[in-house]
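Me: I have a chain to go through with you. Could you take me through the main points of its fold?

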Amino acid sequence: MIVGGVVMNTRKKMDLFQLDPSQILVLGFSIVIIIGSILLNLPIASKSGESVGFINAFFTATSSVCVTGLIVVDTGTHWTVFGQTIIILLIQVGGLGFMTMGTFIAFVVGKKITLKERLVMQEALNQFSISGIVRFTKYILITTFVIESIGAILLSIKFVPRFGWTKGIGYGIFHAISAFCNAGFDLIGNFSSLTGYVDDVLVNFTICGLIICGGLGYTVILEMITKKRVSKFSLHSKMVLMITTVLIVAGFVAIFVLEYNNPDTLQKLSLKGKILASVFQSVSPRTAGFNTVPIDKMTMASIFFTILLMFIGGSPAGTAGGIKTTTAGVLILTIISVIKGKEDTQIFDRRIAKDLINRALAVVGIAMMIVVVITILLSITEKGFQFIEILFEVVSAFGTVGLSVGITSKLTSIGKILIAFTMFAGRVGPLTIAVALAKKQKKEKACIRYPEDKVIVG
């Protein structure tokens, strides 16, 4: 009996040290960021031969792993090939997810995937069950490498004539990975991003295509490949495609109209250039971080509209950040249902479950709280910046976008840490972090439901 009691107590103590999938995700991303920070802080990573400083290295590693693209030093001119290689590897790990990369290594060495690892993969990929999760991960790896390879070849067509074979192909690979993973890092130099290719059709459509593919999510991409007909798509895929299309079209129209006569952005461009730039700046905030026109020169209306696009971000189970398109869609549909007096939230002849609506509310609520709190803190610590500049930076960090009005490199150490935390929260997911940090509560043996009552709202 005593032995049995000791065994039971030991098991209970061991359970205290076991982490649930959401906690493993947070811890895993944190470890990858720390390793990246150490490597980027090495003198060999900087062209100057001197350490960039741990805060700057930490910020860059966080931006890379969280596939954001905000930078405090210019990627093309500051980092050596070693440093740039570390950055692109961090982007690939962050874009795919460390569990997906871990699964890839397991495939290579022939290691069996355990149940615990499958549960973590389910959490990381936002899947409803663990059934077929390993096969789904294989599809993700194959799809990613195929799409990135195609993008690298197309971009190399433009980069090789300008930079030479070795550098041109390297640039093609770097920017293809950065675009598909929605990271927004570039090697062009001098914080110019892709402004030199504002009217280049191949570069614009290749980058936009990679951004959209990464932002749609692997679930949607695989359904498009396997099912082909929209009528056979799941409700999730239908919603993602519909909302993505609406946001891209709305963004294009808004940017085109608001910036048409702006001499610092679209006015001097040809009609082709205006259309390409408007499309690009509609796609990029969802959530890539590349830009072909100077963001800080855009009108205030365009900047605010871009903030809205960045907050929504891309779609679940992909490389994008933000609250996600489906989250925004569920809430908008719920609002419409309430206005029409309908009890259920419906779309495409399907009813959306109440628990999904509650989850969407929780995601948006936590996201808004993070943005508000960080914006207030930065307004205190970062003197000399306008409120709209700080808000833009915070939403860009949370949405893991990477667009900036030019204040990132001017942030104080405290400001950089706050933005780094915001990027981390945006990549891992506000709800995942909340669940990971929450104390585990024992399930009640009996379901207790209190009497219903009413309060006045609105």
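Me: How many residues does the chain have, and what share of them count as buried?
Reply: The chain has 458 residues, and 53% of them count as buried, where buried means under 20% relative accessible area, exposed over 50% and partly exposed in between (1.4 Å probe, protein chains only). This is a predicted model: local features need pLDDT of at least 70, side-chain atom pairs count only at pLDDT 80 or more, and totals for chains, interfaces and linings use all residues. Residues are numbered from 1 along each chain as its sequence is written, and side-chain values use heavy atoms, with hydrogens and water left out.

Me: Which secondary structure elements are there?
Reply: There are 19 helices and two strands. These are DSSP runs, numbered from the N terminus (helices: H or I, at least four residues; strands: E, at least two).

Me: At what angle do H12 and H15 pack?
Reply: Helix H12 (residues 235–259) and helix H15 (residues 325–339) pack at about 90°, and their axes are 9 Å apart. Axes are lines fitted to C-alpha atoms, for helices over the stretch in contact, and angles run from 0 to 180 degrees between N-to-C directions. H12 and H15 are therefore roughly perpendicular to each other, a term that covers 65 to 115 degrees (under 35 is roughly parallel, over 145 roughly antiparallel, the rest oblique).

Me: Which residues make that contact?
Reply: H12 contributes His-236, Met-239, Val-240, Ile-243, Thr-244 and Leu-247, while H15 contributes Thr-325, Thr-326, Gly-329, Val-330 and Leu-333. Contact here means heavy atoms within 4.5 Å.

Me: New topic: where is Thr-400?
Reply: Thr-400 is in the loop between helix H17 (387–398) and helix H18 (413–428). Its relative accessible area is 0%, so Thr-400 is buried.

Me: What does the side chain of Thr-400 reach?
Reply: It reaches the backbone nitrogen of Gly-321 at 3.3 Å. Leaving aside residues up to four places away in sequence, Thr-400 also touches others, including Cys-66, Val-67, Asn-182 and Arg-427.

Me: And Val-67, is it buried or exposed?
Reply: Val-67 counts as buried because its relative accessibility is 0%. This residue lies in the loop between helix H3 (54–65) and helix H4 (75–78).

Me: How far apart are Val-67 and Ala-179?
Reply: They are 112 residues apart in sequence and 9.5 Å apart in space, C-alpha to C-alpha.

Technical notes:
A polar contact is a pair of N or O atoms within 3.5 Å; within protein, one must be able to donate a hydrogen and the other to accept it, and residues adjacent in sequence count only if both atoms are side-chain atoms.
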